[in-house]
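Colleague: I'd like to learn how to read a model like this one. Could we start with the ligand?

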Amino acid sequence: MFVKDMRKPLVIANWKMNKLMADVEEFAVELKRKIPRGITAKVDIGICPVFIHLAALSREGLLPVGVAVGAQDLHWEDKGAYTGCVSPAMLKDIKARYVLVGHSERRQYFGETNEMLMKKLRAAVKAGLAPVYCVGETLAQREQGAAYSVLESQLEGLRQFGDDSLIDPAAFVLAYEPIWAIGTGKNATPQEAQEAHAYIRGVLAKSWNPQRAEATRILYGGSVTPANFGMLMACSDVDGGLVGGASLDPNSFIKLVEIASNK
Ligand code: PGA
């Protein structure tokens with residue numbers, strides 16, 4: 001039942017620590033005004049603002065129908081004494097669909113380890129959120145020829161999510177984001193992206209099963225722009241984009257969504 005066609009293209013905006021409330025509302029209004037009608041039948045769309053803007057953005061009628069909101073992080077506990085954190089139940093409660101897990105900035109600046117990230121993934125899945133698990137190597141690791149072993153170690157814990165009864169394949173997303181490409185203006189070439197995505201899918205096929213791996217969306221992230229996204233989306237194993245800088249402006253975000261919808 002898992003066929004490749006189940007991989008509906010997906011574009012997720014990762015706004016990181018940007019925008020004030022008024023900017024968020026203005027973006028939503030522009031998006032609603034300019035997004036082609038019916039496009040969400042062909043492409044899934046998610047927007048991840050900072051926590052404090054999430055509830056407002058997911059308010060009924062603000063975003064175009066079919067555009068989901070997501071969080072940039074979560075804690076693995078449902079509630080308790082974790083100052084500054086937000087739980088999976090809270091995200092579900094304000095109707096978030098997606099949650100980024102293991103973005104390289106979380107790994108790098110906040111010391112998130114693979115072990116912590118597996119707890120976050122488990123909690124997200126249990127709460128009925130769709131995690132977007134981010135993996136990727138540094139430039140030094142790539143230059144040392146260690147890119148794939150780094151990916152393998154980041155993917156290792158995913159074995160525990162191999163029980164097909166646990167999740168719908170559309171509700172567990174991977175994102176390949178080479179760290180050297182994030183915010184640098186230097187995206188991976190289509191060939192580099194395709195190779196890494198195929199490698200990741202191969203690891204998923206071994207950890208889960210080949211059909212489930214085929215049905216799982218793997219997004220590319222790292223300096224995606226309307227100018228390079230078409231070539232990246234043309235790669236057979238690239239199923240969408242996780243986009244920072246180019247997602248901040250509604251016009252460029254809509255262009256990306258349109259490109260993805262043509263896959
Ligand atoms: P960028 O960020 O598109 O600005 O490179 C991507 C990301 O970090 O998710």
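Modeller: A polar side-chain atom of K16 lies 2.7 Å from an oxygen atom of the ligand. That is a polar contact, meaning a pair of N or O atoms within 3.5 Å; within protein, one must be able to donate a hydrogen and the other to accept it, and residues adjacent in sequence count only if both atoms are side-chain atoms. The ligand on its own exposes 280 Å², and the protein buries 95% of that; such areas come from the Shrake-Rupley method with a 1.4 Å probe, and for residues only the protein chains shown count as cover.

Before we go on: this is a predicted model, where local features need pLDDT of at least 70, side-chain atom pairs count only at pLDDT 80 or more, and totals for chains, interfaces and linings use all residues. Residues are numbered from 1 along each chain as its sequence is written, and side-chain values use heavy atoms, with hydrogens and water left out.

Colleague: Which backbone atoms lie by an oxygen atom of the ligand?

Modeller: S223 has a backbone N or O atom 2.8 Å from a ligand oxygen, and G245 has one at 2.9 Å.

Colleague: How do I check a helix, say α5?

Modeller: Helices are DSSP runs (H or I, at least four residues), as are strands (E, at least two), numbered from the N terminus. The expected span is 1.5 Å times one less than the number of residues. Helix α5 (residues 114–127) has 14 residues and should span 20 Å; its end C-alpha atoms are 20 Å apart, so the two agree. Just after α5, G128 takes a positive phi of about 85 degrees.

Colleague: Which residues of α5 are buried?

Modeller: Buried means under 20% relative accessible area, exposed over 50%, and partly exposed in between (1.4 Å probe, protein chains only). In α5 the buried ones are L117, M118, K120, L121, A123, A124 and V125. Their cover includes α3 (88–93), β4 (98–101) and α7 (147–155).

Colleague: How many disulfides are there?

Modeller: A disulfide is a covalent bond between the sulfur atoms of two cysteines. The rule here asks for a pair of cysteine sulfur atoms within 2.5 Å, and the count is zero. For C85, the nearest cysteine sulfur, that of C48, is 18 Å away. C235 is buried, at 8% relative accessible area, and its sulfur is 19 Å from the closest cysteine sulfur, in C134, which is too far for a bond.

Methods. Contact = heavy atoms within 4.5 Å.
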